[in-house]
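Please keep the sequence and the structure in view while reading.

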Amino acid sequence: MPNLENLKKQAKLTLRWHRERHYPVAAQIREHLPRFLNMTDSEILAASFKLSDAQEMVARQQGFDSWQTLKTGLSTPSLKVKSSPSKATIVSAEPQLLVTDIKRSCEFFREKLGFSLVFSYGKPPYYAQVGRDAARLNLRCVERLVIESTVRDREELLSASMIVGTADEIKLLFLEFQSAGVAFHQTLKKQPWGAKNFVVKDPDGNLLLFAGPAN
């Protein structure tokens with residue numbers, strides 16, 4: 001666990017980023033401070049944000065309810081001792097999709113696929129992240145697509161794969177997307193290897209696989 005001095009510096013850095021309107025910090029504030037949950041990046045950066053807010057955010061990032069409980073926790077000897085890991089653990093992966101219109105892509109993921117906007121960056125935005133449950137997708141704006149759409153479709157070149165836990169959930173997800181008028185590259189299908197999956201095509205032709213158990 002980081003020591004208190006480092007966490008104080010982290011809180012001051014967060015406060016400075018907010019004052020400098022550093023867009024990525026808005027997503028962190030929204031994620032960890034409930035009172036900012038329904039605010040856009042611009043609204044968060046324009047709102048009052050004090051050192052105490054930054055300290056609370058740092059505390060919540062460390063698993064504490066408040067800055068005071070964090071300080072109490074750090075002062076407890078049993079919580080200070082933590083063995084070093086024997087190897088690094090990768091806790092998540094975030095595929096990056098190349099898109100030609102960030103706004104259009106974000107609207108597609110929110111309105112059609114039920115994702116929420118985690119953050120967007122740039123004026124106008126050229127980078128964004130969308131998320132649904134544990135899935136995160138990064139969107140990178142480019143002038144033109146790198147892969148020709150006919151080649152992508154013919155070779156079934158997937159841009160991302162997302163997994164649900166049960167056969168019922170993959171069916172529910174397919175029906176949800178179908179009701180939203182999503183364009184499918186492949187409808188729900190049982191595969192020989194014991195999975196059910198379907199493939200969605202986003203506005204730029206990126207192929208997104210959604211899969212779950214067949215039974």
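The text below treats the aromatic pairs of this predicted model and then turns to a sheet.

**Aromatic pairs**

A pair of aromatic rings is described by the distance of the centres and the angle of the planes. The count of aromatic pairs comes to 11. Two of these pairs are set out in the table.

| Pair | Centre to centre | Angle between planes | Class |
|---|---|---|---|
| Phe-36 and Phe-49 | 6.2 Å | 65° | edge-to-face |
| Phe-177 and Phe-198 | 5.9 Å | 85° | edge-to-face |

Phe-36 sits in the loop between α2 (23-32) and α3 (41-46), while Phe-49 sits in the loop between α3 and α4 (51-61). The two residues are 13 residues apart, and their pair links distant parts of the chain. Both Phe-36 and Phe-49 are buried.

In the other pair, Phe-177 belongs to helix α9 (residues 167-179) and Phe-198 to strand β7 (residues 195-201), so the pair ties together parts that are 21 residues apart in sequence. Phe-177 has a relative accessible area of 0% and is therefore buried, the cut-off being under 20%. Phe-198 counts as buried too, at 0% relative accessibility. Phe-177 and Phe-198 also belong to one aromatic cluster, together with Phe-174, Phe-184 and Phe-210.

**The sheet**

Strands of a sheet pair through backbone hydrogen bonds, either parallel or antiparallel. Here an open sheet of 4 strands runs in the order β1-β4-β3-β2, and the pairing is mixed. β1 (96-99) and β2 (116-121) are the edge strands, each of which pairs on one side only. From one strand to the next, the twist averages 25°.

β1 pairs with strand β4 (residues 135-141) in the parallel sense, over 4 bridges. Leu-98 has Arg-140 in β4 as its bridge partner.

Definitions and conventions. Residues numbered from 1 in each chain as written. Predicted model: local features only at pLDDT ≥ 70, side-chain atom pairs only at ≥ 80, totals over all residues. Heavy atoms only, no water. Phe/Tyr/Trp six-rings, centres within 6.5 Å; stacked < 30°, edge-to-face > 60°. Buried < 20%, exposed > 50% of the residue type's maximum accessible area, 1.4 Å probe, protein only. Pairing = 2+ DSSP bridges. Axes fitted to C-alpha atoms, helices over the stretch in contact; angles between N-to-C directions.
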